[in-house]
Amino acid sequence: MKILVINGPNINMLGIREPDIYGQQTFADLLALIEDTAREENLEIQQFQSNHEGAIVDKIQECYKKVDGIVINPAAYTHTSVAILDALKAVGIPAVEVHISNVDSREAFRHISYPGMYCEKTVKGQGLDGYRQAIVYLKEKYGK
Ligand code: CA2
């Protein structure tokens with residue numbers, strides 16, 4: 001099974017500031033956690049991070065008929081991006097949304113998620129382990 005993990009803007013800055021919200025672990029730690037999960041679960045996982053909305057849309061389009069599941073943390077684009085929502089709808093690939101923090105207990109503008117309107121599940125407030133949970137969910141439901 002092939003899974004693409006997408007991280008949006010500023011996730012590459014993890015661990016540098018706001019450890020009270022996002023924890024102490026760095027982006028390199030996140031990449032390693034996802035690689036470890038791929039090995040343990042015997043999955044082919046590709047990772048992609050971008051600070052650019054259009055680059056994320058392009059990457060989702062590239063997945064069409066090539067990838068079996070998408071794990072996405074759209075970061076700030078969560079709360080603004082109809083383009084990412086439409087790209088997910090266009091490719092029709094099962095997707096799970098991840099948020100490191102519990103967005104529901106933060107500012108009101110973080111309570112809405114456009115990509116989340118397509119995703120069949122959202123994991124929030126679980127720290128970096130949320131990515132592992134999302135990957136395992138896709139494997140258990142769609143793994144072959
Ligand atoms: O909780 C999440 O995973 C978020 O998607 C993270 C986004 C935020 O805009 C969403 O509302 C919730 C922010 C990504 C990283 O932001 C940083 C801020 C300071 C230092 C390092 C990273």
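The model is predicted: local features need pLDDT of at least 70, side-chain atom pairs count only at pLDDT 80 or more, and totals for chains, interfaces and linings use all residues. Residues are numbered from 1 along each chain as its sequence is written, and side-chain values use heavy atoms, with hydrogens and water left out.

**Ligand surroundings**
- The ligand is surrounded by 16 residues, each with a heavy atom within 4 Å of it; Asn73, His79, Ile100, Ser101 and Arg110 are the closest.
- This shell comprises eight nonpolar, five polar and three charged residues; Ala, Val, Leu, Ile, Met, Phe, Trp, Tyr, Cys and Pro count as nonpolar, Asp, Glu, Lys and Arg as charged, and the others, Gly among them, as polar.

**Polar contacts (pairs of N or O atoms within 3.5 Å)**
- A polar side-chain atom of Ser101 is 2.6 Å from a ligand oxygen atom.
- For Arg110, a polar side-chain atom lies 2.7 Å from an oxygen atom of the ligand.
- The side chain of Asn73 places an N or O atom 2.8 Å from an oxygen atom of the ligand.
- Of the 510 Å² of accessible area that the ligand has on its own, the protein covers 92% (Shrake-Rupley method, 1.4 Å probe).

**The pocket**
- The ligand sits in the largest pocket, with more than half of its atoms within 2 Å of the pocket's grid points.
- A pocket is an open set of points on a 1 Å grid over the protein atoms alone, where a 1.4 Å probe fits, with protein on both sides within 12 Å along at least five of seven lines.
- The lining of the largest pocket divides into 10 nonpolar, six polar and four charged residues.

Key. A polar contact is a pair of N or O atoms within 3.5 Å; within protein, one must be able to donate a hydrogen and the other to accept it, and residues adjacent in sequence count only if both atoms are side-chain atoms. On a 1 Å grid over the protein atoms alone, a cavity is a set of points where a 1.4 Å probe fits but cannot get out, and a pocket is an open set with protein on both sides within 12 Å along at least five of seven lines; lining residues have an atom within 4 Å of a point.
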